[in-house]
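Dear colleague,

Please find below the structure that I am handing over to you.

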Amino acid sequence: QVQLVESGGGLVQAGGSLRLSCAASGSIFSINAMGWYRQAPGKQRELVAAITSGGSINYSESVKGRFTISRDNAKNTVYLQMNSLKPEDTAVYYCNAAIRISWSQLRDYWGQGTQVTVSS
């Protein structure tokens, strides 16, 4: 069984910073891409940033230059450093990972979500 456990959300004023962490644990053979999504009230879940096992990175246009995604492969952990936060960044942030539980089995896993609230 594989779990993704997120931490680091909270309440911050506009212009502030937060760092999210997501650690994968369990029967893991290897991890491909890891990423962060977010969902604001009344809106669809959207990709924020993703990073492959080789370090290739993709950001949504709305966070480029403000957010930085990174990962520690030895710890099976992905991070999201969020700077210059804006009220429109308020959402539940979800960690996502494509994880091989065996050589032939690749599955998609989600964390439980962590609330990020940015006050104006």
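Strand S3 (residues 18-26) and strand S8 (residues 77-82) run antiparallel and are joined by 6 bridges; strands here are DSSP runs of E with at least two residues, numbered from the N terminus, and two of them pair if DSSP finds at least two bridges between them. Within this pairing, Cys 22 stands opposite Val 78 in S8. The model is a predicted one, in which local features need pLDDT of at least 70 and side-chain atom pairs count only at pLDDT 80 or more, whereas totals for chains, interfaces and linings use all residues. Residues are numbered from 1 along each chain as its sequence is written, and side-chain values use heavy atoms, with hydrogens and water left out.

S3 and S8 belong to an open sheet of 4 strands, paired antiparallel in the order S1-S3-S8-S7. Strand S1 (2-7) and strand S7 (67-72) each have a single partner strand, so one side of each has no neighbour in the sheet. On average, neighbouring strands of this sheet are turned by 15° against each other, direction ignored (axes are lines fitted to C-alpha atoms; angles run from 0 to 180 degrees between N-to-C directions).

Turning to the aromatic residues, the count comes to 2 pairs. Rings of Phe, Tyr and Trp (its six-membered ring) pair if their centres lie within 6.5 Å; planes under 30 degrees apart count as stacked, over 60 as edge-to-face and the rest as tilted.

Phe 29 and Trp 103 form an edge-to-face pair, because their ring centres are 6.0 Å apart and their planes stand at 80°. Phe 29 lies in the loop between S3 and strand S4 (30-39), and Trp 103 in the loop between strand S9 (91-100) and strand S10 (106-110), 74 residues apart. Phe 29 is partly exposed at 48% relative accessible area, while Trp 103 is exposed at 69% (buried is under 20%, exposed over 50%, partly exposed in between, with a 1.4 Å probe and protein chains only).

Tyr 37 and Trp 110 are also edge-to-face, at 5.0 Å centre to centre and 65° between the planes. Tyr 37 is in strand S4 and Trp 110 in strand S10, so this pair ties together parts 73 residues apart in sequence. Both Tyr 37, at 24%, and Trp 110, at 36%, are partly exposed.

Trp 110 also has Arg 45 over its face, at 4.7 Å from the ring centre. The charged end of Arg 19 sits over the ring of Tyr 79, 4.1 Å from its centre (the criterion is NZ of Lys or CZ of Arg within 6 Å of the ring centre and within 35 degrees of the ring normal).

Yours sincerely
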